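Please consult the sequence and the structure below.

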Amino acid sequence: MNARICSPWEILRHAVLLTVAAIVLLPFIWMIVTSLKPQSEIFLSEIRWWPEQLHVVENYTKAFERAPLVRYLLNGVIVTVLIFALQALIALPAAYALAKLRFWGRDAVFAMVLFCILIPAQAIAVPVFLLFHHAGILDTYAALIVPFTISAFGIFLMRQFFLTVPDDLVDAARMDGISEFGIVWRVMLPTAIPALTAFGVFSIVAHWNDYFWPLIAVNSQELFTPPVGVATFRNEEAGTDYGPLMAAATVIIAPLIIAFLLAQRRFIEGITFSGMK
Amino acid sequence: MAQFQLSGVRKSFDRTHVLKGIDLHIAEGEFISLVGPSGCGKSTLLRIIAGLEDQSEGSVRIGGDVVDGVRPADRNLAMVFQSYALYPHLTVYNNIAVPLRMRRLSTLQRAAVLRWLIPGTRETEDRIRSDVEDVAKLLGLKDLLQRKPAQLSGGQRQRVAVGRAIVREPRAFLLDEPLSNLDAKLRVHMRTEIAQLHRRLGATFIYVTHDQAEAMTMSDRIAVMMDGNIIQIGSPDDVYDDPQDLRVAEFIGSPKINILDGGVIDEARGLVFGSSRFAATFLERPGTSVRIGVRPEALRLANAENAPFSGRLAHKENLGAEVLLHVEIPDQRAAVIVRFDHGGAREISIGDAVGLTCSPEDLRIFGASGERIKAEVEARKVAHG
């Protein structure tokens, strides 16, 4: 590498970026460090970046003993994976229709989709809760999954991507005898892998970390998703026992980080792959 | 193999009329080009024939059957697109195999894993393999079968697109500007390949292009389209030698036909231009002012003093095999282009006075609205022929 002279502007730029990164990362690092400390080292007047006495085994075993963490993680996987699968199942054909088919009222329908993006989940929580109460599906997996199966954002994102797919490709598929649904799954989906991966990251992160809706929708502990599980954990018994709490928090975040690292690799594949045409 | 009969085909998008009543018969095994400037409706017409677009009025018959409302796949036509439209996620082999799989395998037999459990899948796949390999051999794609489209050059992708079209032996081939994404040299080469492919397959080819050279070199017949109408249809020679409309004359031929303003038909039905007179008999009222068209190769050098057209040499293009002179004639909008064979007009240099003449039968006369005005000689020829 060549030795480069850094201009003051470049130094400033890096300083700003590093500061912002630190603000974002510090709580995260503090969580991990705390999960390694014994109770006696957590509440000190000085800032200690690395514990003198490692309490890893104690904290993490306590975390798994005091609450069914594995169960919560499993619930998290079931809920987020099913939500994403159903979202894709609905968003891809809808996005295809909005991007590539000509029908009366298409623009109005698309405007409504955009409008749906503006509705916050909190605003419709109570009506949905009442609806599920009457349907008798509160406190089930269905209650956790169904409200999110139609993602307006997903439809919007995939539609924008499908607009960039050449019409000729769709016409060629029609000439070859592929049905409209066949086009969605056999032609559009493979070309849309990068966009779908991006949407998957949004969807999975949002629903893995969702605290609001699972808190309302389920009561039974065996249906708790990771964030709800960790929260009750704290309330019930570990109010002051921060070591195991932070250990539990670290455990529920780990799958997301692993999933993100895997998706990142897929992203790069996706980008080289879309260098088609 | 099939013949096509289009009658009264119209197409409107909202209030824009893209096609204004197209009647066209295409014979079995014919190579016909639809040629015209962009926006003339030629691609829309091809898409209507393919079934990708529905016409607003009129009907399309293929091989005697009315196909209005029939799905593209059921018309059994193959199409090659300008962007090739290869499936980016499939290998060359699979790209060519798709139309065969869609036709020969049932939905279950195309399903991901279970397909091999269904009787007949393997036999059909084997037949598909041998068909794909035959086509690959024909087009010189044998070594590329396992590549993805992104790993191919433009010319190779073009061949794959053609391969995908011919593999299922369709009733006709529709080609929508298939060469316009290639560089000039490859385009000339592919022109020959497509023409040879047509001869070998003997199938009907309908070829859409905005490039008159492609249309001239490959077609049996050319249909020149302007503003949603076919304004002339005929063999390349007919369209070149006997344009029925000023727009056709200007569109076909490169360099473009020279158009001179200021011709007048005199009392004896001859043509007067400036102080010269061409003694032909034109079938038009005396006193009509006309525009004179004359092809660059029809002009000859003459004495500048008394030649019908005279001006100054503004520019000289030496193309090796031919030389083009740009002669500026007073009161004319564009310079007149004269074409000489290799080595011609060496003695003339820029700024020299140049006189030009041609024989009366090389003149193409057009009226004010661009319609062709025939000379009596030609009219008589037509009557006798």
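The points that follow are grouped by topic.

This is a predicted model, in which local features need pLDDT of at least 70, side-chain atom pairs count only at pLDDT 80 or more, and totals for chains, interfaces and linings use all residues. Residues are numbered from 1 along each chain as its sequence is written, chains are lettered from A in the order in which they are written, and side-chain values use heavy atoms, without hydrogens and water.

**Helix packing in chain B**

- Helix α2 (residues 92-104) of chain B and helix α5 (residues 154-166) of chain B have axes that come within 7 Å and cross at roughly 30°; helices are DSSP runs of H or I with at least four residues, numbered from the N terminus, and axes are lines fitted to C-alpha atoms over the stretch in contact, with angles from 0 to 180 degrees between N-to-C directions.
- α2(B) and α5(B) are therefore roughly parallel to each other (angles under 35 degrees).
- Contact (heavy atoms within 4.5 Å) joins B:V92, B:N95, B:I96 and B:P99 of α2(B) to B:V160, B:G163 and B:R164 of α5(B).

**Interface of chains B and A**

- In chain B, 27 residues are in contact with 19 residues of chain A.
- About 2,000 Å² is buried between chain B and chain A, and carbon and sulfur atoms give 60% of this area (accessible area, 1.4 Å probe, that two parts lose on being put together, summed over both).
- B:Y87, B:P88 and B:H89 supply 27% of the area that chain B buries against chain A, more than any other three residues.

**Salt bridges**

- The interface of chain B and chain A has 3 salt bridges by the rule (a side-chain nitrogen of Lys or Arg within 4 Å of a carboxyl oxygen of Asp or Glu).
- B:R164 and A:D176 meet through their side chains in a salt bridge (4.0 Å, N to O).

Methods: Helix = DSSP H or I, 4+ residues; strand = E, 2+ residues; numbered from the N terminus. Parallel < 35°, antiparallel > 145°, perpendicular 65-115°, else oblique.
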